[in-house]
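Please read this briefing alongside the sequence and the model, following each topic on the structure as it comes up.

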Amino acid sequence: MRTTHSTFRLAGHAVHQITFDPATFNDADLIWLPHHNTLAHAAPKRKTEHLAGRIAAAHALTALNERAIPGIGPSGEPLWPENIAGSITHSGTQAMAVAVRNPHAPIGIDLEAILPESEAREIKEGIIDAQEEMRLLQSGYPFALALTLAFSAKEALFKALFPRVNAFMAFDSARVTALDDTRLTLTLTRPCASFPAETPFTLAWLRDADRVITLL
């Protein structure tokens with residue numbers, strides 16, 4: 001599969017980005033993955049996204065002098081080397097990964113295409129509550145952008161906490177409590193692993209054309 005690797009910095013971390021062309025994918029490309037057999041019956045879209053994400057992760061690990069490719073855990077989560085914490089995301093023809101040499105660091109990254117305004121209005125109740133909606137409306141950002149940021153930030157938080165919780169979290173597990181030009185704060189609405197209710201998590205975010213990236 002044809003790919004292009006690039007990096008950029010967000011919140012002081014190197015984010016490794018892979019741009020890929022799904023039309024150039026061949027099943028033989030998966031042989032590069034030690035766990036390629038687990039993808040044998042996956043849909044082509046799943047195969048290309050997974051491969052691009054693992055390529056991004058391999059670059060992130062190489063930057064830390066680690067030669068590894070994250071495997072797949074029982075819930076589909078990436079399995080990083082024991083001394084590393086990392087996160088992977090993909091959307092469209094982009095995949096990204098970030099990794100740090102601290103296995104206990106909660107780290108999560110998410111990439112999302114900005115929702116159309118009409119769709120944002122239709123699905124908002126599945127993502128935010130009335131209190132959050134008011135906060136997003138008061139932020140000064142177009143509602144579709146603000147809702148996409150809320151969705152993306154919650155996804156990034158859930159990825160970061162999954163290794164400790166070992167369970168999927170609902171969108172009402174955290175609430176948007178602050179949003180400015182570079183940061184978004186989520187506050188837990190209930191206890192989560194070792195974190196009590198009301199624990200805040202501040203994520204960095206940036207907009208790149210018609211997509212947003214959030215990073216905890």
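Strand S2 (residues 13–20) and strand S6 (residues 94–100) pair in the antiparallel sense over four bridges, where two strands count as paired if DSSP finds at least two bridges between them. This is a predicted model, in which local features need pLDDT of at least 70 and side-chain atom pairs count only at pLDDT 80 or more, while totals for chains, interfaces and linings use all residues. Residues are numbered from 1 along each chain as its sequence is written, and side-chain values use heavy atoms, with hydrogens and water left out. Helices (H or I, at least four residues) and strands (E, at least two) are DSSP runs, numbered from the N terminus.

**Helices H3 and H4**

- Helix H3 (residues 130–138) packs with helix H4 (residues 143–165) at an angle of about 125°, their axes being 9 Å apart; axes are lines fitted to C-alpha atoms, for helices over the stretch in contact, and angles run from 0 to 180 degrees between N-to-C directions.
- That angle makes H3 oblique to H4, given that angles under 35 degrees count as roughly parallel, over 145 as roughly antiparallel, 65 to 115 as roughly perpendicular and the rest as oblique.
- On the H3 side the contact is made by Glu132, Glu133, Leu136 and Leu137, and on the H4 side by Phe143, Ala146, Leu147, Ala150 and Lys154.

**An aromatic pair beside H4**

- The ring centres of Phe158 and Phe171 are 6.0 Å apart and the planes stand at 55°, so the pair is tilted (rings of Phe, Tyr and Trp, its six-membered ring, pair if their centres lie within 6.5 Å; planes under 30 degrees apart count as stacked, over 60 as edge-to-face and the rest as tilted).
- Because Phe158 lies in helix H4 and Phe171 in the loop between H4 and strand S8 (174–179), the pair ties together parts that are 13 residues apart in sequence.

**The hairpin of S8 and S9**

- S8 pairs with strand S9 (residues 183–188) in the antiparallel sense over five bridges, and a hairpin joins S8 to S9 through three residues.
- Val176 stands opposite Leu186 in S9.

Key
Contact means heavy atoms within 4.5 Å.
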